[in-house]
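Work through the exercises below with the structure open beside you. Try each task before you read its solution.

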Amino acid sequence: MNAKKQTNEVAAYKPHSWQTALEFRAMWAVLALGIVLPFLVSKPLATEIMIYALFALAFNLLLGHTGMISFGHAGYLGVGSYAGAMVVFYGGVGVWVSLLAAMAGGALVAAVVGLLAVKRKGAYFAMISLAIAQMLYFLALSPFKRWTEGEDSLKLPPLSVDFPFHLNLSDQTQLYFFVFVIVALAVLAQWRLLNSPFGHALKGIRENEDRIRACGFNITRIKFLSIIYSGLFSGLAGGLLAIYLGAASVTTLFWMTSGVVVMQTVLGGTHTFMGPFIGTMVFLYLRNNISNYTDRWEMWVGAMFMALILLFPEGIWGTVMQKIGERRRPSAS
Amino acid sequence: MELSWEIILMQVIMGLALGAIYVLLASGLSIIFGLLDVLNFAHGTFYMLGAYATFVAISLCGNFWVGIIAAVVIVSLIGALFEMTLLKRLYGTDQIYPLLMCFGLSIFLPDIIKMIFGLVGKVVDYPSLLQGATFVDNLILPKYRIFLVVLMAVVLLALYLFMKKTSIGMIIRAATRDRLMVNCLGINVSRVWTVGFMLGVGLAALAGAVAAPMVQTIPNMGDEMTIEAFVVVVIGGLGSLGGAALGGLILGQVVSFVSLLAPDWSNVSIFLTMALILVLRPRGLFGEEGRD
Amino acid sequence: MKRFLVLTMLAGLCALAFASAAPAAPPADIGWEFPLSGPYGFYAEEMKRGVDMAVDEWNAKGGVLGKPVKVLIRDSELKADVALRRMKEFVDSGIPIIGGNLGGGISMVINQWANKNKVLYMSTCHNSLGQGSDWGYYGFTTGIKSYMTGAALADFAFEKLGKKWMVIAADYRWGHDQVAAFLVKSKAAGGEFVGAIYTPIGTRDFSAYVPQILAKKPDFLVLSVFGSDLVAAIKQFGELGLSQRVKLALPKTAMPIMKECGSAYNENVYGAVTWYWTLYKKYPNAKPFVDAYMKKFNRPPDADTDSGYVGAQTLFMAMEKAGTRTDVAKIIPALENLKWDLNQGPEHFRKCDHVRTQTVVILQGRGAKAKGWDLATVIAEVPPSKTMLPCDVDRADSVYGPIRNKLPGK
């Protein structure tokens, strides 16, 4: 309770910096792009971009905004995916309940990770989250196979939305716009979250944890909440993934999924809001097209990534923002 | 299935041999993390390079032992090259960047290996001296596995002596604790880091080299080893070499016995072990304060 | 300056990718996908080469229905989501026929989607298409039904290797299919089953199981695993003295496996494949196929090459017969009535479940005597009449289903 009162006091002084304004405009620009995206690239690719962009934003909640490295985000995505799929497969419920279940699944795993590791810093947190996610992968693959179908994927019947109006989700266009609207709402929700007192507190933790603690904030609680939110949104992405694929597959839980979301986020820029979204768009696009030329696309992706880390660690959007910042105030760094 | 004492003894031996690979990998990872504060996500990749280098070395000289030593040296040099040209520039920045650099390497290198060596795995044969097993009644004593256990003991002893008795070892230990101070004393810390990294990946390469006869030697063979190495290091406590060794031994036994009693849990067992140990000792077995 | 150069290079790459991206270029006739990156790259590459060879052959003769054929081949990365997206993209851009895949699980996901969307799907791998509720009118397979290799090997094993047997099986659908097949054949042949061990996919160390296997003294051990697991198992069984005392029966083997195991893959190792290159000596139609491949790639083709090749060939043949390249409603009946004699004698698709009537080949290892790519000897061919169950039985999954759902030791 104390923490909340304090964050409110902090928020009374709300700096509306040029970065926030720029990010705000960028967000609307990207969402506008989203409306025409299925006509620029293939509809399946556009749908995947939306889903994974949401996942990347959720991931960055922890990395860029709270300063915690998580290597186990595949766990939230995967469990969200399976939760959403299982309630449909075993319970026969509709799409909206499925998405709620997915969010709950993601949040649940996040809670477990949080309980085990929230007080750990940097390396420990990364390792524990990675290990938990990988454990979930192996569990889904073998011992829990009778519920998850393991390697064969849990396949869903054709889905449709009935409320508020009817959508046939087997149609690729309708599916895309369904996913797009949900992702857009989630992005807006994250924007609100990050610009709320809670969001400012997160930023403080990232910048200087000890100082924030000295101001009397309950760091552990805020971090824990941050993990939960991250898991919640990741779970939502997982639920959408299951609907899009028509199945829940174990690959969502594999650690490479965590690795890829890290790459996408860093590619876009972890210290920005829209960075992960932009990074995902570019990454999925490139990856799709490089593999049309060579089977060894991983070599190219790896090399480009290493070059990126060395030369443009702020990512695409991050570097752009940085350059704009330099232009605005040439004296400050 | 009845558990005769022979089966139990054999499982223990197999577990020790399994543990040997874990210990080699985890020690290397622990040294790198302790000294450089870098989570080497390419550790498994160096393990793979060790296996391939062994294949190349044996093809050239025909001798398993020379092959292994050559492989470790070659891969250590590759590691040094990587550390000096790419990794070094990222020290001092956010902790995530060196980690990501290693991760990028782990995606990049296997494909290079695929291009050079093709998609079919390579064959590294057991050395003729260690082929086969000694049979005592119902007890099977595989020679190569016993060699692994002996190797692990020798390497651990060598590491201990190196760290405690040589001056380089002392510098490494000091730099692990307080790099600023070591720098102030006029020692080129940067070079110490390179040596440390070489040592770390050299151990990983050794693990790959000795594993090569037992498993499929393909470019992706190291991918899962990285994670398992991390689990061992977390169990032992980040930054503790002794912890890594003990953790590796424990894990070897766990996997060995779980494989026997409940095979479909064998892959999950390492993570469950880690979770259990973390609940009981949140910093791992020998984790140090402030090494979070 | 350096940063600027790298930036320009990256931008240029993006522009290049953008420019060439649009699959809006004339869609191909068939869209294939195989897991070309990832651990099964070798097999995927073989299938791809088979498809390419078929395309080249037909285009050299003037194409299908007078026009050259065009195929698109993409990487599915062995991931269900990527695989599905590729297929959706193919269909989105107007391609009416899709094919390929490796991995029963992914294959079934694609099959289900294809049937939902009325797209013709030609699978080229081992899977359970045609069994139980997984059958769909739009799915065909030139791979083989998983249980067939197990059944064929079991037939051979109980006749020639002994009666007392044990099994180590990978803990997923394919592995279970083999166990079920062996159990059924065991009952019929009077076999003595002494135990089953189920290992998760990605098991690297099989040493833990050797003591119990040796203690039970079976005549042969069925090793129902594949990929890295199989190579590790054979190498370790050789090291630990198991394969000198117990014969090994592999429901699925392949050339790279044999090569990678080296001398451990000895005369005690028996494996089932759907095709082996030395068969050209028996089936002369296969000789040009083997020769063309040898010339191009300096080694003989593997079973997966044949799967890809026959998959493409039958599609082209059906297109010719049906007089259309795009009307799936006409091509499917043409496929159902097609008969061909390519690499393994006369074959056809069974009309009721669209599965290729394939003969299973039993190979015996050669161990240290193996030279180059002459890695095994063909010692038996088991015709489909001995392995394929009647369609209604398969559809109801009444023979293997109950056993598979209640496997001993699970």
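**Exercise 1. Chain A as a whole**

How many helices and how many strands are there in chain A? Then judge its overall build.

Solution. The model is predicted. Start with the elements: chain A holds 15 helices and four strands. Next, take the radius of gyration. It is 20 Å for chain A, and the globule rule gives 20 Å for 333 residues, so chain A is as compact as a globular protein of that length. Along the principal axes, the C-alpha atoms of chain A fill a box of roughly 60 × 45 × 40 Å. Now check burial: 59% of the 333 residues in chain A are buried. Finally, look at contacts in chain A with a separation of 6 or more. Of these, 76% join residues 24 or more positions apart.

**Exercise 2. The nonpolar core**

Which residues have the most contacts inside the largest nonpolar core?

Solution. The largest nonpolar core has 371 residues. Those with the most contacts inside it are A:L54, B:L25, B:A205 and C:A249. Helix α1 (residues 5–36) of chain B gives the most to this core, with 19 residues. Both domains of chain C take part too, with at least three residues each. Now zoom in on A:L54. Beyond its neighbours within four places in sequence, A:L54 is in contact with A:V183, A:A186, A:F233, A:L236 and A:A237. As background, nonpolar side chains tend to be buried together in soluble globular proteins.

**Exercise 3. Two faces of chain A's contacts**

Work out what chain A and chain B bring to their contact, then do the exercise again for chain C and chain A.

Solution. Begin with chains A and B: 33 residues of chain A are in contact with 34 residues of chain B. On the chain A side, α6 (122–141), α12 (255–268) and α14 (297–311) each give two or more residues. The largest share, twelve residues, comes from α6(A). This side has 24 nonpolar, five polar and four charged residues.

Turn to chain C: 31 of its residues are in contact with 31 residues of chain A. On the chain C side, the elements that give two or more residues are α1 (2–21), β2 (71–75), α3 (80–92) and α4 of chain C. With seven residues, α3(C) gives the most. The class count here is 14 nonpolar, five polar and twelve charged residues.

**Exercise 4. Helix α4 of chain C**

Is α4(C) mostly covered or mostly open?

Solution. At 1.5 Å a residue, the 13 residues of α4(C) should span 18 Å, and its end C-alpha atoms are 18 Å apart, which agrees. α4(C) is mostly covered, with eleven of its 13 residues buried. Among them are C:I106, C:M108, C:V109, C:I110 and C:W113. Last, look past the helix: C:K118 follows α4(C) and has a positive phi, near 55 degrees.

Conventions:
Residues numbered from 1 in each chain as written. Chains lettered and ligands numbered in written order. Predicted model: local features only at pLDDT ≥ 70, side-chain atom pairs only at ≥ 80, totals over all residues. Rg over C-alpha atoms; globule rule 2.2 N^0.38 Å. Buried ≥ 20, exposed ≤ 12 C-beta atoms within 10 Å, placed from the backbone. Contact = placed C-beta atoms within 7 Å. Core = buried A, V, L, I, M, F, W, Y, C linked by C-beta atoms within 7 Å. Domains from an automatic or database assignment. Nonpolar A, V, L, I, M, F, W, Y, C, P; charged D, E, K, R; others polar. Expected span 1.5 Å × (residues − 1).
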